[in-house]
Amino acid sequence: MVRMRAASLNFRDVKIFRGSYQLPVHLPLVPLSDGAGEIVAVGDGVEGLRVGDRVVCLYWEGWRSGAQLEDGDGISDRPARGRTKSAEVDGVALERAVYDACDVLPIPDEMSYEAAACLPCAGVTAWNALIGVTSGDTVLVMGSGGVSLFALQIARARGARVIATSRDEGKRLRLQELGASETVNTSAEPEWGRRVRELTGDGVDLAVDVIGDATVEQTLAATRDGGRISAVGNLSGSFISGTLLERGITARPVVVGSRRMTEELIDAMGSGGIRAVIDRSFAFGELPEALDYLASGDQFGKVLLRFDEE
């Protein structure tokens, strides 16, 4: 049993409340997928966890390691279909919840509940999206949401050059402070994909696209022939284009990640200067206001829900 201390919001939560989420939502259920808290009770047979431990609650219950949504040999532990928080099973917007021991993960003493609550969806999605990125690569990230800011920092920690886009001048400066080598103002340059290509010579090695249909044309323009696109979130729709085949570009849908990926991210945060960027927190009873704020797009980083201590 976990007493929640903090939860973070993702744009998927907005879509679930609006009824526009692209996957089935099995109502009724508890909302929000990302939370962290303190263990207040353990059942018989639980090993490695005890009362008082600080833990993060994993987004995808039952997915311990291995490739995503695949069948065949060589996969150590496929994700359990139908076990995503706040869409298929209850989420974390509640005071106490009971989980299987494999679906929570201890967090380091130096990591706050608030930072840990930013990891299960946004942080792990960024980690998964950047699999294979190494020093010398060039990565494109979009905007200043949770996934993009984690992706920017993870890519920089691996020695990659990062180009970031934003339509807000103030946010562009903050993206540079986080480590972006160059930023592109998408309001001033509607053909921003061409601008990214000019900055790189032949395009980026990997684009982390968090939008979908509304950005596919520019994302393709920004990506080099033979490059890769990690399609995340699909805020505006699906990500389909015949140009992918013509130019040898690989597009991979990213569906968050496993327990193992979460462990790797936590380890990297302890040694690589990666941090959760938190914009604003709301009280537990202010969930509607928090969702409205997230939907406005004004935030830079994560929006949190805080749980008052007893």
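Arginine 161 is partly exposed, at a relative accessible area of 25% (buried means under 20%, exposed over 50% and partly exposed in between, with a 1.4 Å probe and protein chains only). The model is predicted, so that local features need pLDDT of at least 70 and side-chain atom pairs count only at pLDDT 80 or more, whereas totals for chains, interfaces and linings use all residues. Residues are numbered from 1 along each chain as its sequence is written, and side-chain values use heavy atoms, with hydrogens and water left out.

The side chain of arginine 161 forms a salt bridge with that of glutamate 182, at 3.1 Å from N to O (a salt bridge is a side-chain nitrogen of Lys or Arg within 4 Å of a carboxyl oxygen of Asp or Glu). Arginine 161 belongs to strand β7 (residues 161–166) and glutamate 182 to strand β8 (residues 182–185), so the pair ties together parts 21 residues apart in sequence. Helices (H or I, at least four residues) and strands (E, at least two) are DSSP runs numbered from the N terminus. Glutamate 182 is partly exposed, with 22% relative accessibility.

By the rule for salt bridges, the count comes to 11. One of them joins the side chains of glutamate 61 and arginine 83, with an N to O distance of 2.7 Å. Both residues lie in the loop between β3 (54–57) and β4 (96–97), and this pair links distant parts of the chain, 22 residues apart. Glutamate 61 is buried, at 7% relative accessible area, whereas arginine 83 is partly exposed at 35%.

A further salt bridge connects glutamate 263 with arginine 260, whose closest N and O atoms are 3.7 Å apart. The two residues are 3 apart in helix α9 (residues 259–271), a separation of about one helical turn. Glutamate 263 is partly exposed at 27%, and arginine 260 is partly exposed at 43%. Elsewhere, salt bridges that share partners join Arg3, Arg5 and Glu38 into one network.

In soluble globular proteins, nonpolar side chains tend to be buried together. A nonpolar core is a set of buried Ala, Val, Leu, Ile, Met, Phe, Trp, Tyr and Cys residues joined through side-chain atoms within 4.5 Å. The largest such core has 71 residues, of which Leu130, Leu140 and Phe150 touch the most other members. Leaving aside neighbours within four places in sequence, leucine 140 is in contact (heavy atoms within 4.5 Å) with residues including Ile163, Trp192, Val204 and Ala222.
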